[in-house]
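Please consult the sequence and the structure shown below while reading.

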Amino acid sequence: MSEPDRPAGGAPADSVDWDALYAASEQVWSGDPNGQLVAEITDVPPGTAVDVGCGEGADGIWLARRGWRVTAFDVSSTALARASRHVADAGVTVHLVHAGLLDPALAGARFDLVNAQYAALLHEQGRSLAALLGLVAPGGTLLLVHHVLEADDGHRAFDPADYVMPPDVHAALDDGWDVQVYEQRPRHVTAGAGAGHTVDLVLRATRRPAVR
Ligand SMILES: C[S@@+](CC[C@H](N)C(=O)[O-])C[C@H]1O[C@@H](n2cnc3c(N)ncnc32)[C@H](O)[C@@H]1O
C-alpha cells in the first residue's frame, strides 16, 4: 500500500493536527465570512450549499443568513464544536458534519454551491480533487479560494504542492464546466491566523447542466 500524502514542514495533516491547532487558541480565524465568498456569492439566488473545511463556521452562517440551506463539514471536532456555538448564537440553521472530504457519508451528495476557502485538502492520490468536483450538482457552482504563497514574503506555513490548489482544479476542468473567474486578487484580512496572507487565487466555475 502506498504511503498517505504528508505535508512538508510540519503543517497540519489530519484531524489530530487540526484539533491541536484549534485547541491552542480560543478563536483561530477572524469570525468574518471570507471576502471572496461575499464578493462572488452575494448576488446568487440561494439553494443548497456545502462549506468544505468549514473551520469555525463563519462562511456557513453568512450563507444561512442569506437563505442558503447549508451543510458544513470539517475534520476537526474542536472547530465544529466552536462552529456549533457560533451557529446557535447567530440563530440560523447549518447542518454541521464531522467528516473529511473523502468520508463515505458525503459520497453522492450534490450541492448548488460548493464553497472551499483555504480548505487544506491533501491530494490523497487524486481522490480529493475528484471528490471536491463530485460535490457540485449539474448547474451548480464551485468557489475555490486559496492563498498565493509566493506572494507572502516569508509567510510560508505550508507547501502548496501538498494540497489541492486552484491550479490543480482549473487544469482538471473539462468541457463540462464554465469558468467565470480564475484570477489573483489582493486579500485584506487583519485579524486571525490567516492575516499574514496577502493575495488570493480565486476559481469560480459552474458545472454545465445535464443535456436531455
Ligand atoms: C485554513 S482552515 C480554513 C477554515 C475555513 N474554511 C475558513 O476559511 O476560516 C482549513 C480547514 O480545513 C480543514 N480540513 C483539513 N483537511 C480536511 C479534509 N480532508 N476534509 C475537510 N476538512 C478538512 C481543517 O480542519 C481546517 O478547519
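The model is predicted.

**Fold and dimensions**

- Along the sequence, the secondary structure follows the order α-α-β-α-β-α-β-β-α-β-α-β-β.
- The radius of gyration is 16 Å, close to the 17 Å that the globule rule gives for 212 residues, so the protein is as compact as a globular protein of that length.
- Taken along the principal axes, the box filled by the C-alpha atoms is roughly 50 × 40 × 40 Å.

**Packing and surface**

- Of the 212 residues in the protein, 48% are buried.
- Among contacts between residues at least 6 apart in sequence, 71% join residues at least 24 apart.
- The protein exposes about 10,300 Å², of which carbon and sulfur atoms supply 51%.

**Shell around the ligand**

**Polar contacts and burial of the ligand**

- A backbone N or O atom of glutamine 117 lies 2.9 Å from a ligand nitrogen atom.
- For leucine 101, a backbone N or O atom is 3.0 Å from a nitrogen atom of the ligand.
- A polar backbone atom of alanine 120 lies 3.1 Å from a nitrogen atom of the ligand.
- The ligand taken alone exposes 600 Å², and the protein buries 89% of that area.

Notes. Residues are numbered from 1 along each chain as its sequence is written. This is a predicted model: local features need pLDDT of at least 70, side-chain atom pairs count only at pLDDT 80 or more; totals for chains, interfaces and linings use all residues. Side-chain values use heavy atoms; hydrogens and water are left out. A polar contact is a pair of N or O atoms within 3.5 Å; within protein, one must be able to donate a hydrogen and the other to accept it, and residues adjacent in sequence count only if both atoms are side-chain atoms. Accessible areas come from the Shrake-Rupley method with a 1.4 Å probe; for residues, only the protein chains shown count as cover. Helices (H or I, at least four residues) and strands (E, at least two) are DSSP runs, numbered from the N terminus. The radius of gyration is taken over C-alpha atoms; the globule rule is 2.2 Å times the number of residues to the power 0.38. Buried means under 20% relative accessible area, exposed over 50%, partly exposed in between (1.4 Å probe, protein chains only). Contact means heavy atoms within 4.5 Å.
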